[in-house]
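Okay, thanks everyone, let's get going.

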Amino acid sequence: MASLDDVWAFLAEPHRLADWWPGIAGVQPDRRGLAPGARWQVVGPNVPSYLRRPQMNGTLLVLDVLPMQRVAFQLPNERIDAELELRAADADRTDATLTVEVPWFAGFRRSFPHRALARLYDLVQTGAAP
């Protein structure tokens with residue numbers, strides 16, 4: 001991944017969540033932005049699935065933010081708890097660990113965190129210096 005500064009700058013912009021988090025097509029953050037207690041409105045993709053209607057709306061609750069280190073949030077409608085931890089591996093590389101907790105009956109695949117991190121990686125790589 002890119003530098004910790006670049007990764008954090010990307011994550012700190014609430015609208016970017018829709019770019020890397022699977023199942024979210026749009027975000028309307030509240031005035032607090034990325035801050036504990038913030039409530040964002042999220043919109044799902046315009047594609048129905050077995051468990052979802054198209055463009056299903058929901059709420060994202062920001063649980064905790066440690067700048068440059070950690071973001072924890074919850075998607076209560078989908079019973080998802082997520083925690084993204086960052087660590088600078090060197091000046092131009094950041095290690096990211098994503099932990100996602102969902103009930104076993106929620107229909108999410110084990111590959112979900114990997115897909116989210118792969119999207120995040122691809123997006124921050126495009127902004128990294130060669």
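So, to start: through how many residues does a hairpin join S5 to S6? Two residues: that is the hairpin joining S5 to S6. Before I go on, the housekeeping: this is a predicted model, where local features need pLDDT of at least 70, side-chain atom pairs count only at pLDDT 80 or more, and totals for chains, interfaces and linings use all residues. Residues are numbered from 1 along each chain as its sequence is written, and side-chain values use heavy atoms, with hydrogens and water left out.

My element names are DSSP runs numbered from the N terminus: helices are H or I with at least four residues, strands are E with at least two. Two strands pair if DSSP finds at least two bridges between them.

Now the sheet. Six strands make an open sheet, in the order S1-S2-S3-S4-S5-S6, and the pairing is antiparallel. At the edges sit S1 (26–28) and S6 (93–101), each pairing on one side only. On average, neighbouring strands of this sheet are turned by 25° against each other, direction ignored. For angles, axes are lines fitted to C-alpha atoms, for helices over the stretch in contact, and the angles run from 0 to 180 degrees between N-to-C directions.

S5 and S6 pair in the antiparallel sense over nine bridges, and Asp 90 has Arg 93 in S6 as its bridge partner. S3 (residues 57–66) and S4 (residues 70–75) are antiparallel too, over five bridges; there, Leu 61 is partnered with Gln 74 in S4.

What lies across S3, S4, S5 and S6? That's H1, running at about 155° to S5 (80–90). The buried residues of H1 (residues 4–11) are Leu 4, Val 7, Trp 8, Phe 10 and Leu 11. They're on the same side of H1 because they cover an arc of only 160° around the axis, taking the directions from the helix axis to the C-beta atoms. The face turned away from that buried side carries the exposed residues Asp 5 and Ala 9. Buried here is under 20% relative accessible area, exposed is over 50%, and partly exposed is in between, with a 1.4 Å probe and protein chains only.

On to the core. A nonpolar core is a set of buried Ala, Val, Leu, Ile, Met, Phe, Trp, Tyr and Cys residues joined through side-chain atoms within 4.5 Å. The largest one has 32 residues, and Leu 17, Trp 20 and Trp 21 touch the most other members. Elements giving two or more residues to this core include H1, H2 (17–20) and H3 (112–126). Leaving out residues up to four places away in sequence, Trp 20 touches Phe 10, Leu 11, Leu 84, Ala 116, Arg 119, Leu 120 and Leu 123, where contact means heavy atoms within 4.5 Å.

Last topic, charges. I call it a salt bridge when a side-chain nitrogen of Lys or Arg is within 4 Å of a carboxyl oxygen of Asp or Glu, and the count comes to seven. Asp 19 bridges to Arg 16, with the closest N and O atoms 2.8 Å apart. Asp 95 and Arg 93 form another, at 3.4 Å between the closest N and O atoms. Shared partners then join Arg 87, Asp 90, Arg 93 and Asp 95 into one network.
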